[in-house]
Number of protein chains: 2
Amino acid sequence: MKINIKSVADKAGVSTATISRVLRNYPGVREKTKKRVLKAISELDYEVNAVARSLRQRKTFTIGIIVGNVLSQFYSIIAKSVEDVAHKYGYNMILCNGDDDPEKELRYLKVLKANRVDGIILTPTGKNADYINRLINTDAKIVLLDRLIDGVECDAVLVDNEEGAYKAVKYLIDRGYRRIGIITGYLDRTTGKGRLNGYLRALSEAGIPRDDNLIKIGKFKKRSGIELTRELLQDPNRPEALFVSNLDMTLGAMITIKEMGLKIPDDLGMAVFDDSEWISILDSPLTAVIQPVHSLGSTATEALIKKINGEKIGMNDKPIIITLNTNLVIRNSTK
Amino acid sequence: MKINIKSVADKAGVSTATISRVLRNYPGVREKTKKRVLKAISELDYEVNAVARSLRQRKTFTIGIIVGNVLSQFYSIIAKSVEDVAHKYGYNMILCNGDDDPEKELRYLKVLKANRVDGIILTPTGKNADYINRLINTDAKIVLLDRLIDGVECDAVLVDNEEGAYKAVKYLIDRGYRRIGIITGYLDRTTGKGRLNGYLRALSEAGIPRDDNLIKIGKFKKRSGIELTRELLQDPNRPEALFVSNLDMTLGAMITIKEMGLKIPDDLGMAVFDDSEWISILDSPLTAVIQPVHSLGSTATEALIKKINGEKIGMNDKPIIITLNTNLVIRNSTK
DNA sequence: ATGAAAGCGCTAACAT
DNA sequence: ATGTTAGCGCTTTCAT
């Protein structure tokens with residue numbers, strides 16, 4: 001037997017309108033009636049049908065989030081912080097694993113639209129600009145996280161990648177290193193490009209000429225870290241220090257370094273982007289740029305919910321881009 | 001201007017029923033009509049309203065999953081594997097972070113019910129047995145993951161915790177250790193209890209008497225790992241080897257061990273439950289019990305979808321409990 | 001304070 | 001092959 005608002009109404013001897021009022025704590029229901037209704041609800045184990053409610057109210061109280069890959073620590077922290085804030089405001093979260101694949105991203109954007117989520121937080125691949133622009137034009141509420149998209153004007157929450165990388169590389173330079181290698185990811189991404197730029201700025205400020213042999217571009221994945229580190233370190237004229245620009249690549253780098261039998265900091269100085277507790281218990285804990293990952297997620301979600309509620313978050317209709325700062329923790333990975 | 005199935009119908013000059021048929025690839029629509037409809041759909045950028053469809057079909061093509069804590073590697077792998085399989089069958093996933101908190105668990109169970117998800121995968125806290133039984137009785141499709149609940153009969157997918165722990169501890173014994181400490185979590189959980197039992201079985205088979213000073217029970221969290229390891233190792237009569245029964249506690253244990261300046265394996269032998277790539281690049285990579293985490297998630301999801309489709313997965317209406325095996329990887333954490 | 005009834009956008013049974 | 005229509009379960013306007 002299916003129970004719905006009608007069953008409750010019948011049982012309580014009132015109309016469905018009254019049940020609805022009680023359900024939403026609407027004023028104007030006599031205390032006595034309310035009691036009777038609540039009794040019926042509990043006796044029938046009635047739970048409102050959110051699907052029907054969403055249809056009627058044109059509001060789902062659900063936000064969608066598309067992340068690159070839940071398996072990486074960065075995104076799982078994002079997922080958690082988004083969910084925390086969403087929940088605080090009574091929203092549910094549909095988590096989608098975009099896998100950094102533009103096709104999956106597009107598919108999920110469509111799924112989220114079909115499900116009429118109230119808003120979307122997107123860690124964009126950088127593609128699908130057309131579709132995303134169309135969404136924005138049809139009044140979809142979107143906040144970008146961690147990266148921007150060429151050709152799309154949209155509110156976003158980012159990290160100051162350049163400054164973070166700059167601080168780390170400058171630290172290496174201050175410690176006396178001159179030949180510093182960098183391993184970074186996709187340059188068509190805000191993150192990859194920014195981190196490279198920070199590296200270059202630190203070098204140039206110190207009057208160290210750019211050496212393209214020391215610059216390796218990969219995919220922000222462990223595999224890239226393994227391979228690029230090998231390329232860099234097998235060179236007879238290898239760098240004295242390494243800056244690795246995300247955690248997954250750092251894992252890869254450490255695998256190669258261990259395999260080659262190199263010791264940090266004796267054989268190689270190191271600084272990395274992204275922190276992890278595992279990094280801090282390594283034999284030589286790594287100096288790292290800490291991203292405010294939790295704030296990234298919560299800030300984006302707060303902004304999204306404001307947008308959903310119709311509050312303006314930027315000024316004069318320009319999209320707002322919030323940039324959060326990083327911190328450098330000094331550990332024992334340099335001489 | 002809102003566009004719905006009616007707008008498309010008007011534009012294509014057919015009835016909404018025909019649009020619906022095209023949308024769902026129903027046979028019995030003339031090719032020519034279909035083309036016209038598709039054209040109208042694309043021109044209007046129409047996307048079906050899944051909320052309305054769900055209401056009508058009484059089917060949301062959504063499954064809910066409640067995990068302990070997405071921040072831990074274990075659960076994020078689970079989330080990913082569940083999502084992969086769900087997606088393969090055309091289901092979306094609502095991810096809920098139960099935080100191992102019975103109240104949050106209950107709240108989320110209600111949310112999922114209200115949203116009429118087609119099924120639920122639950123990593124249970126062990127509480128809320130009454131509510132969960134009521135759900136099951138009202139025909140909700142639920143599969144438990146990783147743990148069981150006292151007083152609830154429900155399909156489940158587990159790991160052979162006892163056997164895994166047994167193998168690890170037996171290995172330590174085979175390497176010559178006799179005084180072996182264990183750090184484990186909640187004994188009222190299938191996991192905590194099973195892992196302790198495996199430890200005890202290995203000891204008893206080897207004729208080593210149980211020593212309660214060597215058994216530390218905590219919360220499966222980093223903090224417990226830190227504290228319990230300290231208790232164990234500060235004892236003048238400290239164990240020669242340590243078995244830690246999950247990854248978060250292992251992180252904690254390593255923090256304490258590093259802090260105390262102890263060396264593995266010289267000062268202490270180690271074996272742990274759960275693997276991680278970080279564990280394998282430690283100075284002394286740890287011998288570890290590998291759980292088939294990915295299979296856990298995918299097996300549970302496959303089972304859930306079968307249930308949703310009305311296929312029986314157990315025999316004669318008994319719930320089915322699938323137990324997956326673990327593997328022991330030997331590394332360099334013992335003498 | 002409460003009820004009647006329309007309608008959110010879709011699907012499915014039935015009719016043509 | 002296509003259309004008509006009722007209705008999924010709720011909310012909301014308008015009556016009373």
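Trainee: Where does Pro265(A) lie in chain A?
Mentor: Pro265(A) is in the loop that runs between helix 11 and strand 9 (269–273) of chain A. Please keep in mind that this is a predicted model.

Trainee: Which peptide bond there is cis?
Mentor: The bond from Ile264(A) to Pro265(A) is cis, and its omega is near 5°. Most peptide bonds are trans.

Trainee: And what joins Ile264(B) and Pro265(B)?
Mentor: A cis peptide bond joins them, with omega about 5°. In chain B, Pro265(B) sits in the loop between helix 11 (247–259) and strand 9 (269–273).

Trainee: Let us turn to phi. What is the phi of Asp139(B)?
Mentor: Phi of Asp139(B) is near 80°, which is positive although the residue is not glycine. Most residues other than glycine have a negative phi. Asp139(B) belongs to the loop between helix 7 (129–137) and strand 4 (142–145) of chain B.

Trainee: Is Asp139(B) buried or exposed?
Mentor: Asp139(B) counts as exposed, because it has 6 C-beta neighbours inside 10 Å, and the cut-off for exposed is 12 or fewer.

Trainee: Why does Phe220(B) count as buried?
Mentor: Phe220(B) counts as buried because it has 24 C-beta neighbours inside 10 Å; the threshold for buried is 20 or more.

Trainee: Changing topic: how many helices and strands are there in chain A?
Mentor: Chain A has 13 helices and 12 strands. Of its 335 residues, 48% are buried.

Trainee: What radius of gyration does chain A have?
Mentor: It has 26 Å, whereas a compact globule of 335 residues would have a value near 20 Å. The C-alpha trace of chain A spans about 85 × 40 × 30 Å along its principal axes.

Trainee: What share of the contacts in chain A links residues 24 or more positions apart?
Mentor: Such pairs account for 70% of the contacts with a separation of 6 or more.

Trainee: Where is Tyr91(A) in chain A?
Mentor: Tyr91(A) lies in the loop between helix 5 and strand 2 of chain A. With 21 C-beta neighbours inside 10 Å, Tyr91(A) counts as buried.

Trainee: Which residues does Tyr91(A) touch?
Mentor: Leaving aside residues up to four places away in sequence, Tyr91(A) touches Phe61(A), Thr62(A), Ile63(A) and Ala86(A). The C-alpha atoms of Tyr91(A) and Ile305(A) are separated by 9.2 Å, and these residues are 214 residues apart along the chain.

Trainee: Back to chain B. Why is strand 1 of chain B largely enclosed?
Mentor: Strand 1 (residues 62–67) of chain B has 6 of its 6 residues buried, so the rest of the structure largely encloses it.

Trainee: Which residues point one way from that strand and which the other way?
Mentor: Thr62(B), Gly64(B) and Ile66(B) point one way from strand 1 of chain B, and Ile63(B), Ile65(B) and Val67(B) point the other way. In a regular strand the side chains alternate between the two faces of the sheet.

Trainee: In what sense do strand 1 and strand 2 of chain B pair?
Mentor: They pair in the parallel sense over 6 bridges, and Ile63(B) has Met93(B) of strand 2 as its bridge partner. Strand 1, helix 5 (residues 73–88) and strand 2 of chain B make a right-handed β-α-β unit.

Trainee: How many bridges are there between strand 1 and strand 3 of chain B?
Mentor: That pairing, with strand 3 (residues 119–122), is parallel and has 4 bridges. Here the bridge partner of Gly64(B) is Ile120(B).

Trainee: How many residues does the contact take from chain A and from chain B?
Mentor: The contact takes 37 residues from chain A and 37 residues from chain B. Elements of chain A giving two or more residues to it include helix 5 (73–88), strand 2 (92–97) and helix 6 (102–114). The side of chain A that touches chain B has 19 nonpolar, 7 polar and 11 charged residues.

Trainee: Why do the copies meet through the same surface?
Mentor: They do so because 100% of the interface residues of chain A are also interface residues in chain B.

Technical notes: Residues are numbered from 1 along each chain as its sequence is written. Chains are lettered from A and ligands numbered from 1 in the order in which they are written. The radius of gyration is taken over C-alpha atoms; the globule rule is 2.2 Å times the number of residues to the power 0.38. Two residues are in contact if their C-beta atoms, placed from the backbone, lie within 7 Å. Ala, Val, Leu, Ile, Met, Phe, Trp, Tyr, Cys and Pro count as nonpolar, Asp, Glu, Lys and Arg as charged, and the others, Gly among them, as polar. Two strands pair if DSSP finds at least two bridges between them. A crossover is right-handed if, with the strands pointing away from the viewer, the path from the first strand over the helix to the second runs clockwise.
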